[in-house]
Amino acid sequence: MGPDRRLDEYAARQYGVFSLKQARTAGLSERMVEHRIRTGAWIRMSGGVYALASSPPTWERQLSATVLSRPGSVVAGASAASLHGFDGFGQGRPVVMVPIDGNARSPLARIIRSRYFYEIERKRVGPFLATSPAETLVTLASGVSGQRLEHLLDECVVSRLVDPEAFMTLLARRSGLKGLPALRRITADRLESAYQPPTSVLERHLYTLLSRPGIPKVIRQFPFPREVVPGTVDAYIPLWRLMTEADGRRWHTRQADFERDRTRDNLATSHGIGVLRFTYQMLVRQPEQCLSTILATGRTRSQAS
């Protein structure tokens, strides 16, 4: 087998990318390397990293070139989120993590330097070594909103990529990272031991919110016909044909009831009734945001009618 065939084996596993060291290992001499670069058979990606000109310019090729240009680095941040299938993360500029004393400059990617580099959990995704889903959430916490962070954690827990109890243990080993307090709070709400408010307390927060100016008549504990919405809803605003419910169940209970709740909400929507759900944490910590959501939904439904 000739040197080019041996190099092709490296490139095939790395989306058409290879290092100069791999080319030398395959048996290509300095003269052969220079000839392939000069004739355009190879494309220079970065110092000491090349791609076959015949390879498609994909995101995976760019990511592979980044990793090869930084031996020992780990795919992290948004790139790790994309590899793990996190909702809303596409194939943007590659992101890799290096030790705290590593070089943060790269023409190919964004480089994250971490003092926790040698203790982070890693997971192989295809040919790439990436931060684990849990470690990826920690890295993302500094750059996404609390609401999106909450959505991502829920997604990971439902998909069994992250265990809340184990995740809290991991968070206890981290300090001084932006977004960490919010991530700890969100995770604590999802533990089995998380506070579950009495129904009376939960309803009081919801009804106080619904008594604010701008919200029309509210009917508490409204019994819809079963074919419309099975059971009684916490509150209904007839003028807007909008039902609002407060969810005080523990996170794991909400997870178990997810399918039933979605079926119930879909049935209401099919009859032209809007649905808004608020958790205890939302009502207590973000009442103004909840109110804005209700008012905005009411305006939209009024204009559509």
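Strands here are DSSP runs of E with at least two residues, helices are runs of H or I with at least four, and both are numbered from the N terminus. I count two strands as paired if DSSP finds at least two bridges between them. Phe18 sits opposite Tyr50 in E3.

Before going on, a note on what I'm reading: this is a predicted model, where local features need pLDDT of at least 70, side-chain atom pairs count only at pLDDT 80 or more, and totals for chains, interfaces and linings use all residues. Residues are numbered from 1 along each chain as its sequence is written, and side-chain values use heavy atoms, with hydrogens and water left out.

Next I checked confidence, with pLDDT being the predictor's confidence in each residue, from 0 to 100. The protein averages 89, and 93% of the residues score at least 70. Helix H11 (residues 251-256) has the lowest confidence, at a mean of 54, while strand E4 (residues 74-75) has the highest, at 98.

Back to the sheet. I looked up the strand order and got E1-E3-E2, three strands in an open, antiparallel sheet. Strand E1 (17-19) and strand E2 (42-46) are at the edges with a single partner strand each, so one side of each has no neighbour in the sheet.

Then the helices around it. Helix H1 (residues 3-13) lies across E1, E2 and E3, at about 115° to E1. Helix H4 (residues 59-69) packs on the sheet too, touching E1, E2 and E3, and its direction makes about 10° with that of E1. Axes are lines fitted to C-alpha atoms, for helices over the stretch in contact (heavy atoms within 4.5 Å); angles run from 0 to 180 degrees between N-to-C directions.

I moved on to the largest nonpolar core, which has 21 residues; Phe86, Leu137 and Val162 are among those with the most contacts inside it. Such a core is a set of buried Ala, Val, Leu, Ile, Met, Phe, Trp, Tyr and Cys residues joined through side-chain atoms within 4.5 Å. Helices H6 (133-140), H7 (146-158), H8 (164-172) and H9 (180-188) each supply at least two residues of this core. H7 gives the most, five residues.

Leaving out residues up to four places away in sequence, Glu135 touches Glu119, Ile120, Glu121, Leu170 and Arg174.

Conventions
Buried < 20%, exposed > 50% of the residue type's maximum accessible area, 1.4 Å probe, protein only.
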